[in-house]
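Have the sequence and the 3D view open side by side. Let's walk through them together, one piece at a time.

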Amino acid sequence: MKNAFLTLSLFLIALFVNQVNSQNEIKIGTAEITFEKTLHDYGVIDQYGNGEYEFKFTNTGTAPLLIKLAKGTCGCTVPEWSREPIQPGAASTIIVSYDTKRVGTFDKGITITANTEPRISNLKIKGEVKTSKTETPL
């Protein structure tokens, strides 16, 4: 009888301690990246024209946002971003430069890896580069 009472007492104490600990858990925030837009269409641009675009975003989460990597699908698409943490509620940009020396249509992706859930976000640029009208034929 004493063993049953002791076992029941220990069980109730463990249950009580577990309940108190779960009430005192500290909720850790998460970062969340929210872009104004994830696709930029350059339309038709001149060869050697300005291929730069700023993707604007806000950290809509509750923890600092840290972009670990931003990578284009090829060497013609180069992203630049801040390596500093972006605080909750703060805004920043990812500048994407497309090399406009190539003539023709393009459709490129940029993969963003950050401390968000999900970890990967995708941006996209597209457009068409036309031969510059200011060039003189040989």
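We'll start with a sheet and then turn to the charged side chains.

A quick note before the tour: this is a predicted model, where local features need pLDDT of at least 70, side-chain atom pairs count only at pLDDT 80 or more, and totals for chains, interfaces and linings use all residues. Residues are numbered from 1 along each chain as its sequence is written, and side-chain values use heavy atoms, with hydrogens and water left out.

Now for the sheet. Strands here are DSSP runs (E, at least two residues), numbered from the N terminus, and two of them pair if DSSP finds at least two bridges between them. In general, strands of a sheet pair through backbone hydrogen bonds, either parallel or antiparallel. In this model, four strands make an open sheet in the order β1-β3-β6-β5, and the pairing is antiparallel. The edges belong to β1 (33-35) and β5 (77-81); each has a single partner strand, so one side of each is left without a neighbour in the sheet. Going from one strand to the next, the twist averages 30° (axes are lines fitted to C-alpha atoms, and angles run from 0 to 180 degrees between N-to-C directions).

Strand β1 runs antiparallel to β3 (residues 52-59), and three bridges join the two. To find your bearings there, look for Phe35, which stands opposite Phe57 in β3.

On to the charges. A salt bridge here is a side-chain nitrogen of Lys or Arg within 4 Å of a carboxyl oxygen of Asp or Glu, and by that rule the count comes to four. What about exposure? Buried means under 20% relative accessible area, exposed means over 50%, and partly exposed is in between (1.4 Å probe, protein chains only).

Take Asp107 and Lys124, whose side chains meet in a salt bridge at 3.5 Å, N to O. Asp107 lies in strand β7 (residues 104-114) and Lys124 in strand β8 (residues 120-130), so the pair ties together parts that are 17 residues apart in sequence. Asp107 is partly exposed at 46%, and Lys124 is partly exposed at 36%.

Another salt bridge links Lys130 with Glu128, their closest N and O atoms being 3.3 Å apart. Lys130 is partly exposed at 38%, and so is Glu128, at 24%. Elsewhere, salt bridges that share partners join Asp99, Lys101 and Arg102 into one network. Within it, the side chains of Arg102 and Asp99 meet at 3.4 Å, N to O.
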